[in-house]
Amino acid sequence: MKGVFSSAILVLVISMWAAFAVDFPLPMDRGTDLEKTTAECIRNINKCWILAYLRPTDSICGSDHITYSGECHLCYRILYEKLNIIKLHDGPCENS
């Protein structure tokens, strides 16, 4: 019984942690360039928690025509993997 209770508490804590990991809007207007996107990523990357990369969120399409699981995922790729991509639009890419 003690193990079941401990597991339930752990699931509750992880669920609450994941609920507060939020995405943020990235620019995607006609004049958007990598510098604007990178600046937004730098300003907001601290809002991304590890579970934001793993939990399902609204997908977005990158300029490399790959569907990303959210702004946190795209920003991670831009900032830490040094990819030169921007957000094209909300929703999945047509060819991925």
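Student: Before we look at this predicted model, what does "buried" mean, and what is the relative accessible area of C41?

Tutor: Buried means under 20% relative accessible area. C41 falls below that cut-off, so it counts as buried. Its relative accessible area is 0%.

Student: Which cysteine forms a disulfide with C41?

Tutor: Remember that a disulfide is a covalent bond between the sulfur atoms of two cysteines. The sulfur of C41 sits 2.0 Å from that of its partner, and a pair within 2.5 Å counts as a disulfide.

Student: How are helices α2 and α4 arranged, roughly parallel or roughly perpendicular?

Tutor: Helix α2 (residues 34-44) and helix α4 (residues 71-80) pack with their axes 10 Å apart, at an angle of about 105°. Angles of 65 to 115 degrees count as roughly perpendicular. So α2 and α4 are roughly perpendicular.

Student: What is the handedness of the disulfide between C61 and C93?

Tutor: C61 lies in strand β1 and C93 in the segment after β3, so this pair ties together parts 32 residues apart in sequence. The torsion about their S-S bond is about 110°. That makes the disulfide right-handed.

Conventions:
Residues numbered from 1 in each chain as written. Predicted model: local features only at pLDDT ≥ 70, side-chain atom pairs only at ≥ 80, totals over all residues. Heavy atoms only, no water. Axes fitted to C-alpha atoms, helices over the stretch in contact; angles between N-to-C directions. Helix = DSSP H or I, 4+ residues; strand = E, 2+ residues; numbered from the N terminus. Parallel < 35°, antiparallel > 145°, perpendicular 65-115°, else oblique. Buried < 20%, exposed > 50% of the residue type's maximum accessible area, 1.4 Å probe, protein only.
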